[in-house]
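Trainee: I have not looked at this one before. Can you take me through it?
Mentor: Here it is.

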Amino acid sequence: MLIIRGLSKTYNNGIQALQNVSLEIEPGIFGLLGPNGAGKSSLMRTLATLQDADSGSVQLDGVDLLSSPQVARQLLGYLPQDFGVYPHVSAEELLNQLAVFKGFVNPKERKEIVSQQLQLVNLYSQRQQKLGTFSGGMRQRFGIAQALLGSPKLIIVDEPTAGLDPTERIRFQNLLAEISQNRVLLLSTHIVEDVAELCPQMAILNQGKIVCSGSPKLLTNALQGKVWKKVFDDFKVSNSSDNQSNNWGLITSRMSRGARCIRVLSDSQPDAGFQMTEPDLNDVYFTALLDQSQAEPVTV
Ligand SMILES: Nc1ncnc2c1ncn2[C@@H]1O[C@H](COP(=O)(O)OP(=O)(O)OP(=O)(O)O)[C@@H](O)[C@H]1O
């Protein structure tokens, strides 16, 4: 289990990227959602022991990761947001070299491990191909292969599906699900659907603070009976109604097939034009970001 307590980080430019972040994370995929600049990568880099926190602690199965970074690095694998590769080196060569850094000194054992990882991520037949010729999806799968070296108990994956086409995205999601058995896999993303499809547990980070955490299903159920939808055929009417919809607790206002559809949060029907609708994780996400006034994060 991964236990994060009171993690805070302020950069030299005065930006408070993390403010008293606390989370308890069980094995399986944990989704960390948040808008651009929320502090997701700052949290990922801190957990990966690549930057120091100002205060707080992180324990993985009883090991304090921040005070023993050398030990921590044996326990974790990390796929950063901008995973750079050497373009003129083959997948097999680079993975072999990274395995050396990870402490696999026996060449026979190393060759076996490298082959296993390449098979797992479905890149074995392209193992001699130069990394510079890999597609985005192949590169991300290679990133997972290197993160898995040494069978880490914690895998940190920072915004891995951005830029992947639908086929590669599904392939990558399946890979994450497969490798998350018996270990903590922390998935940082701003794609709500990735979390809805993959994660039994999640948190939303905004302006460095956890604003909500729990099971996506329970967080969504908590909005049952409170989300109302109205479709405006006339764009002008809908524009002028936006001001009014702010009074109703506007969640989203979006154009769909030439009409504007608004979703609002309300304990009762705002007016006769609204229909109650099934809440989804997007409603949870936008509601959590709107509700900055809450002193305590919502935990379900
Ligand atoms: N090395 C740094 N020095 C100073 N400020 C930083 C540094 N890294 C990040 N920040 C700032 O800290 C805040 C959080 O950034 P961070 O990259 O952690 O957010 P994020 O949620 O990962 O964003 P994105 O989704 O856009 O990648 C931002 O305001 C960012 O500008």
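Mentor: One term to begin with: a residue is buried if 20 or more other C-beta atoms lie within 10 Å of its own, exposed if 12 or fewer, and partly exposed in between, with C-beta atoms placed from the backbone. This is a predicted model, where local features need pLDDT of at least 70, side-chain atom pairs count only at pLDDT 80 or more, and totals for chains, interfaces and linings use all residues. Residues are numbered from 1 along each chain as its sequence is written.

Trainee: What share of the chain is buried?
Mentor: Of the 300 residues in the chain, 35% are buried.

Trainee: And what is the mean pLDDT?
Mentor: The mean is 89, and 92% of the residues reach 70 or more. pLDDT is the predictor's confidence in each residue, from 0 to 100.

Trainee: How many helices and strands are there?
Mentor: The chain has 10 helices and 15 strands. These are DSSP runs numbered from the N terminus: H or I with at least four residues for helices, E with at least two for strands.

Trainee: How is the chain divided into domains?
Mentor: Domain 1 covers 2–215 and domain 2 covers 221–295, with bounds from an automatic or database domain assignment. Their centres, taken over C-alpha atoms, are 35 Å apart.

Trainee: How many residues does each domain put into the contact?
Mentor: Domain 1 gives nine residues and domain 2 gives five. Two residues are in contact if their C-beta atoms, placed from the backbone, lie within 7 Å.

Trainee: Which element of domain 1 gives the most there?
Mentor: That is α7, with three residues. On this side of domain 1, α7 (192–198), β9 (201–206) and β10 (209–214) each supply at least two residues.

Trainee: Now α4. Which of its residues are buried?
Mentor: I113, V114, Q117 and L118 are the buried residues of α4. They lie on the same side of α4 because they cover an arc of only 130° around the axis, the arc being that of the directions from the helix axis to the C-beta atoms.

Trainee: What do they pack against?
Mentor: The buried residues of α4 pack against α3 (91–101) and α5 (136–147). On the other side of α4, K108, E109, E112 and Q116 are exposed.

Trainee: What comes just after α4?
Mentor: N122, which takes a positive phi of about 65°.
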